[in-house]
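This report describes one protein chain, first as a whole and then at selected residues. The sequence and structure come first.

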Amino acid sequence: VQLQASGGGLVQARGSLRLSCAASIRTFSIYTMYWFRQAPGKDREFVAAISRSGGSTYYADSVKGRFTISRDNIKNTVYLQMNSLKPEDTALYLCAADKRSYGLGYEYDYWGQGTQVTVSS
């Protein structure tokens, strides 16, 4: 199983980016999908999650109202639309997949390699 994240890059503050995470999972629709981020010298931080059907979404307070997670169960891909970006959003963004319902703090089934987002002031 592979999770391939893409879409990162360098953007100015208040700009936008859309991240994608393509999964080589035959039964993608049974996985809850997550985005996390990790800045240098900091712990990994939850960003957003989406339920198997896409009907429920969850966000960290720091990104609520600016980021939107979505998924396409035909294309086996989860997206993270990031608007109004701030320099503090700079981090390596990683996607994860897990068969269980949404939850934080446990070991997820699969992790992707991440895509770097850098926001300049």
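In the protein chain, 56% of the contacts between residues at least 6 apart in sequence join residues at least 24 apart, where contact means heavy atoms within 4.5 Å. The model is predicted: local features need pLDDT of at least 70, side-chain atom pairs count only at pLDDT 80 or more, and totals for chains, interfaces and linings use all residues. Residues are numbered from 1 along each chain as its sequence is written, and side-chain values use heavy atoms, with hydrogens and water left out.

The protein chain has zero helices and eleven strands. Both kinds of element are DSSP runs numbered from the N terminus, helices being H or I of at least four residues and strands being E of at least two.

Along the principal axes, the C-alpha atoms fill a box of roughly 40 × 25 × 25 Å.

Of the 121 residues, 45% count as buried. Buried means under 20% relative accessible area, exposed over 50%, and partly exposed in between, with a 1.4 Å probe and protein chains only. The protein chain exposes about 6,300 Å², of which carbon and sulfur atoms supply 47%; accessible areas come from the Shrake-Rupley method with a 1.4 Å probe, and for residues only the protein chains shown count as cover.

There are 14 positive and 9 negative side chains, and the centres of the two sets lie 6 Å apart. Lys and Arg count as positive and Asp and Glu as negative, while His and the chain ends are not counted. Each charge is placed at NZ of Lys, CZ of Arg, CG of Asp or CD of Glu.

The table lists the accessibility of selected residues.

| Residue | Class | Relative accessible area |
|---|---|---|
| Arg-14 | exposed | 73% |
| Leu-17 | buried | 16% |
| Ser-51 | buried | 15% |
| Asp-72 | partly exposed | 22% |
| Ser-84 | partly exposed | 41% |

Asp-72 belongs to strand β7 (residues 67–72). Beyond its neighbours within four places in sequence, Asp-72 is in contact with Phe-28, Thr-77 and Tyr-79. A polar atom of the Asp-72 side chain lies 3.1 Å from the backbone nitrogen of Lys-75. Asp-72 and Lys-42 are 30 residues apart in sequence, and their C-alpha atoms are 31 Å apart in space.

Leu-17 is in strand β3. Leaving aside neighbours within four places in sequence, the contacts of Leu-17 include Gly-7, Gly-8, Gly-9 and Val-11. Leu-80, Gln-81, Met-82, Leu-85 and Val-117 are also among the contacts of Leu-17. Ala-91 is 74 residues from Leu-17 along the chain, and the two C-alpha atoms are separated by 13 Å.

The remaining residues are in loops. Ser-51 is found between β5 (45–50) and β6 (57–59), and, neighbours within four places in sequence aside, is in contact with Ser-56 and Arg-71. Arg-14 sits in the loop between β2 (9–12) and β3 (17–23); its phi is near 80°, a positive value in a residue other than glycine. Ser-84 lies in the loop between β8 (77–82) and β9 (91–98), and the phi of Ser-84 is near 50°, a positive value in a residue other than glycine.

Notes. A polar contact is a pair of N or O atoms within 3.5 Å; within protein, one must be able to donate a hydrogen and the other to accept it, and residues adjacent in sequence count only if both atoms are side-chain atoms.
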